[in-house]
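I opened my notebook today to look through a structure one piece at a time. Here is what I wrote down as I went along.

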Amino acid sequence: MPSNSDSTTLLRGAGIGRGLAVGPVMRMPAPLPEPETTPSTLTPADELGRASAALQATAADIRARGERAGGTAHDVLEAQAFMAEDPTLADDVEARVQGGLTAERAVFEAFASFRDLLVSMGGYMAERATDLNDVSQRVVANLRGVPAPGIPDPDFAFVLVASDLAPADTALLDLDKVLALVTSEGGPTSHTAILARDKAIVAVVGAAGALDLADGQTVIVDASTGSVTASPSADEVERAEATLAERKARPTAPTGAGRLADGTLIPLLANLGSADAAADAVAKGAEGVGLFRTEFLFLDSTSAPTVEAQQEQYTKLLAAFPGKKVVVRALDAGADKPLSFLNDSDEENPALGLRGLRALRANEQVLRDQLTALANAAAVTEADLWVMAPMVSTVEETRYFTALGRELGLNTLGVMVEVPSAALLADRILADADFASIGTNDLTQYTLAADRLLGSVAAFQDPWHPAVLRLVGEVGRAGQALGKPVGVCGEAAADPLLAVVLTGLGVTSLSMSPAALADVRAELALHTLERAQEFASLALAANSAFEARAAVLEATTAPSAS
Ligand SMILES: C=C(OP(=O)(O)O)C(=O)O
Ligand SMILES: [Mg+2]
């Protein structure tokens, strides 16, 4: 357990990206205490006035932060501002104030009951509960006239340590001051992780024991290994600082086609959730799109989107990539991304339920409309459109999807490999599908039986695990035997060293958050395909994700065995 003493300790979590940082810890201040239940001494009308003013001021403050931050953060904060303005919540606050509570207590209780409701809904909605807690604290701080709990602001650069960060805080981190971020909660697909990746912040999330770190204690945060070394030795600090200096001195990451050192082309593509993000992806060197998550367009829709509405969005996307490959995924509804028009039944285990292609098949008109909209958009644009189905687990599902796509005028049809059964039968699936794209986020979740949204099992959510890599190898081998492309579009592709291993397993393209493209491109250029295959063998021979990563890291500094 870390302490203020000089003994070195090591914490492990999920690293986001590949960054490295050394610096003193500063912890997020403790949350505000719960407001008293003592009855108000003011009139209900006065308390209500205070509550309304505080809710409005908080919404305005969050919105202003979002505008300053821009990008993904802007959307996240806009959603938080709406929470503070929610009329149902305001009604609940009013009812509680009328019952004699103070504005502080009424706000606290109303938000808590809203949060419990979201948690009971599970999945994506439950993930928003943290955001609600943050808004509640900000409103109560406003009522008390104290600063909103937030990022410490010392006059030196520091490593920020927190249980988790609210999006409002992550979005506005001062990147000159915050050297790195370490959280004890949250997995690699939490909001904090998504925003950290977007802003290229050095981060390790879900590091148990992080809250025992002390203010001022020196730590080395290494996202590439998911490790936080507390009270490191002078030698360790020196080594980390030398690595940092060497990275800084490196010429800026090369652009152009992604390729290995021997010239083998590995197209580097972008994961996108909206056409608005296309320009940024192109600027960061995306050679096309490897995963367009269409469900992100319709998370708030209560009815299925029309062909026309979809066509407009898809046309906008395809028009941004003339002559380039754009892989669009059919709606992946369910579990962490529920869509009310596709997932209407309560399921005990939604990740194992009617999600992805299964949900589409149960609502075939929705799938037909989507494929029609895509074919129409392709007809009026110059992009090379590929369309794939999510959560395919059988050969029969593959045949169903490709046949329907061809019937509706699409040319290139593939499947996501996210379920072990699909990886194990990749030779038969690829006999029918034109391509496969491996979703390592879900493939890891299903292989290790660990909910990808649950902080307590985040350590299992590691795509370096040899069991996951063996499945990737199955798909790579099948693709090579049949001459069919095999991509990876899960977070694994954004880990530069793992990206090299994936190519050694037969993966032919990589798709990732645009922020990760430069690092992956630079790492690929350092290794030949033969070396990548050696790394893959080492990783496959390991007993754990940790050993696999360590074996490959060590091999990168050793001469080739061949
Ligand atoms: C890319 C994937 O899909 P998503 O993260 O959207 O489930 C995956 O599962 O790896
Ligand atoms: Mg998935």
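What do the buried residues of α13 pack against? I began with that question, keeping in mind that this is a predicted model. I found that they pack against α11 (307–319), β11 (325–329), α12 (357–362), β12 and α14.

**Entry: helix α13**

I looked up the helix itself next. Helix α13 covers residues 364–379, which is 16 residues. I noted 23 Å from its first C-alpha to its last, close to the 22 Å expected at 1.5 Å a residue. Then I listed its buried residues: Val-366, Leu-367, Asp-369, Gln-370, Leu-371, Ala-373, Leu-374, Ala-377 and Ala-378.

**Entry: the barrel**

In what order do the strands of the barrel come? I traced 8 strands that close up as β9-β10-β11-β12-β13-β14-β15-β16, with parallel pairing. From one strand to the next, the twist averages 25 degrees.

I also checked how β9 meets β16. Strand β9 (residues 268–272) pairs with strand β16 (residues 509–512) in the parallel sense, over 3 bridges. Ala-270 stands opposite Met-512 in β16.

**Entry: helices across the strands**

I followed two helices over the strands. Helix α14 (residues 395–407) lies across β12 (384–389) and β13 (412–417), and runs at about 150 degrees to β13. Helix α18 (residues 466–482) lies across β13, β14 (435–438) and β15 (486–488), and its angle to β14 is about 160 degrees.

**Entry: Ala-436**

I picked one residue in strand β14, Ala-436. Is Ala-436 buried or exposed? I put it down as buried, because it has 27 C-beta neighbours inside 10 Å and 20 or more are enough to count.

Leaving aside neighbours within four places in sequence, I found Ala-436 in contact with Gly-414, Val-415, Val-417, Ala-426, Ile-429, Leu-430, Val-475, Gly-479 and Val-486. I looked at Val-488 as well: it is 52 residues from Ala-436 along the chain, yet their C-alpha atoms are separated by 8.5 Å.

**Entry: α19 and α21**

My last stop was a pair of helices. Helix α19 (residues 496–504) and helix α21 (residues 529–541) pack at an angle of about 100 degrees, with their axes 7 Å apart. That angle makes α19 roughly perpendicular to α21.

Which residues of α19 meet α21? I wrote down Val-500, Val-501, Thr-503 and Gly-504, which meet Leu-529, Ala-532, Gln-533, Phe-535, Ala-536 and Ala-539 in α21. Sorting the residues of this contact gave me 7 nonpolar, 3 polar and no charged.

How values were computed:
Residues are numbered from 1 along each chain as its sequence is written. Chains are lettered from A and ligands numbered from 1 in the order in which they are written. This is a predicted model: local features need pLDDT of at least 70, side-chain atom pairs count only at pLDDT 80 or more; totals for chains, interfaces and linings use all residues. Axes are lines fitted to C-alpha atoms, for helices over the stretch in contact, and angles run from 0 to 180 degrees between N-to-C directions. Helices (H or I, at least four residues) and strands (E, at least two) are DSSP runs, numbered from the N terminus. Angles under 35 degrees count as roughly parallel, over 145 as roughly antiparallel, 65 to 115 as roughly perpendicular and the rest as oblique. Two residues are in contact if their C-beta atoms, placed from the backbone, lie within 7 Å. Ala, Val, Leu, Ile, Met, Phe, Trp, Tyr, Cys and Pro count as nonpolar, Asp, Glu, Lys and Arg as charged, and the others, Gly among them, as polar. Two strands pair if DSSP finds at least two bridges between them. A residue is buried if 20 or more other C-beta atoms lie within 10 Å of its own, exposed if 12 or fewer, and partly exposed in between; C-beta atoms are placed from the backbone. The expected span of a helix is 1.5 Å times one less than its number of residues.
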